[in-house]
Amino acid sequence: MTEGETGAPPVLEITGLERAFGQNRVLRNVDLAVSPGEVLVLMGANGAGKSTLVKIIAGVLSPDAGRMTLAGRPYLPARPIDAVGAGLSVVHQQINDAVAPDLSVAQNLLLDRLCSGRTGAIYSPRRARREAETIQAILGLSLPLDRAVSEIPLADRQLVAICRALAEEPKVLVLDEPTSSLSQREAERLFGIVEMLKARGVAILYITHRMSDIRRLADRIVTLRDGRITGEFRPPLDFEGAVTAMLGAPIQRDGEAIRTGTRPVLSLENVRLTSWSRPFSFTLDAGEVTAITGLVGTGKSRLAEMIFGLGQAVSGQMRLMGKPYTPRDCGAAIEAGVFMAGKDRATSSIVPGFDIARNLSLPFLRHRSRAGFVDRSGERQKARRTIADLSIVCQGETDDMATLSGGNQQKVVVGRWLAEASKLLILDEPFQGVDIKARGDIARRLRETAGDRATLVLVSEIDEALEVADRILVMSDHTIVGDHRTGPGFDLSRLLAEVAGDLGAAPVHSENRLESAAG
Amino acid sequence: MTLAVRDLSIRYGFFVLLVALALFFYAAQPAFMSVRSLVFVFQSVAITAILALGVTGTLVVGGFDLSIGSVAASSMMAASYAMVIWGWGTTETVLLCIAFGLLAGLLNGLIIVYGRVPDLLATLGTMFLLLGLQLVPTAGRSIARGMTLPDSTTATGSFDPSFLALGRARLFDVLPVSVVVMLALAVAIFVFLEFTRWGRVMYAIGSNEQASRLAGAPVARYKIAAYMISGAFASIGGILLAARVGRGDVSSGNNLLLDAVAAALIGFAVLGAAKPNAFGTLIGALFVGMLLQGLTMMNAPYYTQDAVKGGVLVVALLFTFSLTRRAGR
Amino acid sequence: MDLTNVTRRRFTRLVIGGATALLLGGQPAIAQDRPAPFDKPENVSIALVRYLSTGDFFQAYLTGAQEQAKALGVELRVLDSRQDAALQADMVDQAIALGVDGIIVQHGLTESMTAAVQRAVDAGIKVVAFDVDVENDQVPQIEQSDRDLARLALEQAVKDNGESFEAAYVYVPGIAPLDRRDETWKKFKDQYAGIKEVAQFGTLDNPIANSVANQASAVLRANPGVTVVFAPYDEFAKGVKIAVDEAGLSSDIKIYSADISTADIQAMREEPSAWVATAATNPQLIGEVSVRALAMLLAGEDPGHNVVVPPTLVTRDMLLENDVNNMEQLSQKLPQFASTDVAKPEWMPTVGK
């Protein structure tokens, strides 16, 4: 891969990049090249290694092996500021990390200059404003320069971040999932800017897994999966091929039947998550594992939190076992038999400093204690059973959580909520940062125990949904847009189209191939 | 092998230090080693330790309580006021003070939980508030029997002998009541934190508040309760102080606060717990008490004492944060 | 003090006072008879700039100052720096800016106050200072004689215990009055070879009595031969008394101290009590004298550079004999404690009577 689609020699070239965290090899022999005036889309599922790659390019992390050149010169930034100095700017996915919320838009646009000390000690607001206006003129924007960044909408903040990156007139611009929290119209504005930059000869590395972005912008697509480059696609672009290369062939569940529910547990009626989203309804049945999939930021977590008593719908109602259900907090939800393992186990589930047994028993201490005193031996006994059931790899139930691998930590989190019978179990991104083996163990255990309860799993990766679920709901723009049953008749391309938010736009000819991929 | 040495030093290093120190003082001043001496170490730290045990509760939920010193000082004033000016009996006075402590804790908790004011700032505010408020009823005077009130009448009440006994009497002629109270409270809070589900949830909240909330714990109520425990303990400390001194002294209680916090923080290092714990707090308080006791017996000047206290605290914190962390890795 | 002079002055005052009373039909001296500016006292304002304020002593001092100001009919502004030396200096400037006629500086640090006081003097404001040396010839120093305080208490100790005993001494250096009391203690030790100081301790940790009690317990156990404790500050004495009571040594040890308050009176009266004597200057009197000295300056009179308020010895026996329960009764029963003629020219109105 030495030459981009434009035919010009590449401005950023990466060869043989390697990076590991402990045992975990996150990037393996990655080659990548971007040319001036080209939009190279890098596709990859969660945990594929995209963010590590971006961090290395941006100078946040250093590679273990490999070579990078920028504009023909060796490039190995030790700090982010070195990258900027060499002509490479990155707009990170977390927009709020890239802006200082309490400063004005103008001050934010000039942040790099202010921080690098290139401005001299005294910097008049008027001069700042003038320079800020020049910068935003590059993009033809008219942002409210005097407003604090915290007061302007998210989409505008992102433009501020991009503007700021462009203030340094980079040769290479890296955009990390820039549309993940933008509406269609806001995204359209961004696309216009990207095209303009492309016309000026900026090389753009665009990281996303959103199909609409890819269709609109990509000159070339490279897919990353499990730390390896798994495919390169040049025009005419084979989008479905790229999706398959990104996700891999969906894993077939061996020997287990797709189940259908026995009786309704939770039903949502005309629920609206936000004032501007469309209402939706669905029912979850006992004995069935339902996955909700959809891109990041489409409202999956919000839906889960609402069911778990952490927030309220704008309108509509919920029924649990036929009775109206409005939990006032998590405690009430748990009392009613609705359990949830939240997204991002480190913040939402794991108590550092507690051993495995204590982490497992946390929600059910009342059942593990007599007259307020915790029955430690009963607690440990129960923990040993969970460890066996989920094949948690550890020395024993008194191990500290910090000694466990990510997958085993996640098993503890899931095991916590499997320890007691529930009516509905919600798992928000249970496979995040979990290796294949642990993922299989968790999915198996979920399906083994699914008999008497309804199970709801929220995942942004479609193959995860396929692995665990009997039924897949698709969420887009804070509403449910698709309802699929896995097994015979499952229409993957339709699901992908629903996920990508452009129903009906999927090319017809690719359908057969995808169907075969789905098995 | 080296690992075992490090483990042992983390777990028992502090006790070795404690014993070594005791032996050192014994060599320097034989009067140091006697039952009375030991009892005295306990007595000298009783009030500080009670405050420290209370603040341990707030440390466990990941908070902090800067107001304990002024709660104790105010409680002392309240006790004196109730007895000397209103002529109340012992029981009512004690109940009043504890109720006052609970109320101060409730106020702290509400400001922190519902007002979303950071704990240090909220309790700092309460601290100042109480420092000022405690002076209002007597217009800044200390309270003693026969005192002249702001309206130039003379107070008629006096400290009930049974109240004074709280600070002065000895059980079996050996154990001062204040020490008994300290030990009882230490055992109570130790059992509560280590063995009950409520204590367990408090530790969980301190370690990961969001996870505890998602596990169904009523986090707000637990936090408020922790500050109420802290307030109640501080007010009990104030009662004992009033009973020992026998008057309502105008004082800030800031030294009580600092000593109590130091004891609780030193407690982190005991047994390599690396977290707030009641047993460690008690040992921490005793350690400081023994040190000061020994230094005083050896005629060390007063300013050495603060320096030594500070030194111990720094060493204990290093124990906690650098040695234990490294071992955990 | 020149006794004959006092008597003569008192006599003159009686005569003049009587004459005025006659002239004005039994009315006490009214403002018109006083020297300017006190003929129109409503136009006079003075400021009290304090360094220490918490505690009975300072409360009583303030009361005295207020009462005397009221008697004069002048406005008294109280500026309270709460042990913040820099703030206290700022407050002097604040007082200058407020346009007060006179300033009383109550305690503080020489280093921070000297310059501030000089600014006030330069601005034509009269200043007196209590218990802080501001190194200024134009500023009279109000003092309770700490040396006399210590001397009175120690003389009583020698009277009670003879010229040879083992003593423990409570002291924290760096506090001006305690340092002055310390000088006397050193002199006494030199004078009486039989007085042995076997231990010295002390702390100002809050609450002081409680902290001193902890130290005293250790000291008494380490030094069982101690029969006298010299604790020349009442908070110290209270702490020592707690320790002595706890050790059950109330009849074996005698405590001599300085300063007094209602609470101290109660502690001394307890049965038994090791606290047998204290030498004290009535803080309320010092407050009155401070205002009076300033008033004299304002009237163009000279109170002298050192205005010393003499102390009184109060023993446990006196308290029991006269059944004194609080400061008020102490003032009633021991007249030398209740009033002083220091800084009292004839025109000066007497407080509140």
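H4(B) passes H5(B) in a right-handed crossing. This is a predicted model. Chain B touches both chain A and chain C, whereas chain A and chain C do not touch. Of the 2 pairs of chains in contact, B and C share the most contacts.

**Helices H4 and H5 of chain B**

- H4(B) covers residues 90-113, and H5(B) covers residues 119-133.
- Their axes come within 9 Å of each other and cross at roughly 140°.
- An angle over 145 degrees would count as roughly antiparallel, and 65 to 115 as roughly perpendicular. H4(B) and H5(B) are therefore oblique to each other.
- On the H4(B) side, the residues that meet H5(B) are B:Ala104, B:Leu107, B:Asn108, B:Ile111 and B:Ile112.
- On the H5(B) side, the partners are B:Asp119, B:Ala122, B:Thr123, B:Thr126 and B:Leu130.
- By class, the residues of this contact between H4(B) and H5(B) are 6 nonpolar, 3 polar and 1 charged.

**Chain B as a whole**

- Chain B has 13 helices and 2 strands.
- Its C-alpha trace spans about 75 × 55 × 35 Å along the principal axes.
- A compact globule of 329 residues would have a radius of gyration near 20 Å; chain B has 20 Å, so the two agree.
- Of the 329 residues in chain B, 57% count as buried.
- Contacts in chain B with a separation of 6 or more come 76% from residues 24 or more positions apart.

**Where chain B meets chain C**

- The contact takes 33 residues from chain B and 35 residues from chain C.
- On the chain B side, the elements that give two or more residues are helices H2 (35-60), H10 (219-245), H11 (254-269) and H12 (278-297) of chain B.
- H2(B) gives the most to this side, with 4 residues.
- The side of chain B that touches chain C divides into 9 nonpolar, 17 polar and 7 charged residues.

**A helix pair across the B and C contact**

- H12(B) pairs with helix H7 of chain C, residues 208-222.
- The axes of H12(B) and H7(C) come within 8 Å and cross at roughly 50°. That angle makes H12(B) oblique to H7(C).
- The crossing of H12(B) and H7(C) is right-handed.
- B:Gln293, B:Thr296 and B:Met297 come from H12(B); they meet C:Gln215, C:Ala218, C:Val219 and C:Ala222 from H7(C).
- By class, the contact of H12(B) with H7(C) has 4 nonpolar, 3 polar and no charged residues.

**Where chain B meets chain A**

- Here 18 residues of chain B are in contact with 23 residues of chain A.
- Two helices of chain B give two or more residues to this side: H8 (197-207) and H9 (209-214).
- H8(B) gives the largest share, 6 residues.
- The side of chain B that touches chain A has 8 nonpolar, 6 polar and 4 charged residues.
- The nearest C-alpha atoms of chain A and chain C are 32 Å apart.

**Helix H11 of chain A**

- H11(A) covers residues 300-307 and is mostly covered, with 6 of its 8 residues buried.
- The buried residues are A:Lys300, A:Leu303, A:Ala304, A:Glu305, A:Met306 and A:Ile307.
- Just after H11(A), A:Gly309 takes a positive phi of about 85°.

**Tyr51 of chain C**

- C:Tyr51 lies in the loop between strand E1 (45-50) and helix H2 (56-72) of chain C.
- A residue is buried if 20 or more other C-beta atoms lie within 10 Å of its own. C:Tyr51 has 24 C-beta neighbours inside 10 Å, so C:Tyr51 counts as buried.
- Leaving aside residues up to four places away in sequence, C:Tyr51 touches C:Ser81, C:Gln83, C:Gln88, C:Gln106, C:His107 and C:Gly108.
- C:Tyr51 and C:Thr184 are 133 residues apart in sequence. In space they are 25 Å apart, C-alpha to C-alpha.

Definitions and conventions:
Residues are numbered from 1 along each chain as its sequence is written. Chains are lettered from A and ligands numbered from 1 in the order in which they are written. This is a predicted model: local features need pLDDT of at least 70, side-chain atom pairs count only at pLDDT 80 or more; totals for chains, interfaces and linings use all residues. Two residues are in contact if their C-beta atoms, placed from the backbone, lie within 7 Å. A residue is buried if 20 or more other C-beta atoms lie within 10 Å of its own, exposed if 12 or fewer, and partly exposed in between; C-beta atoms are placed from the backbone. The radius of gyration is taken over C-alpha atoms; the globule rule is 2.2 Å times the number of residues to the power 0.38. Ala, Val, Leu, Ile, Met, Phe, Trp, Tyr, Cys and Pro count as nonpolar, Asp, Glu, Lys and Arg as charged, and the others, Gly among them, as polar. Axes are lines fitted to C-alpha atoms, for helices over the stretch in contact, and angles run from 0 to 180 degrees between N-to-C directions. Angles under 35 degrees count as roughly parallel, over 145 as roughly antiparallel, 65 to 115 as roughly perpendicular and the rest as oblique. A crossing is left-handed if the near helix is turned anticlockwise from the far one by less than a right angle, and right-handed if clockwise.
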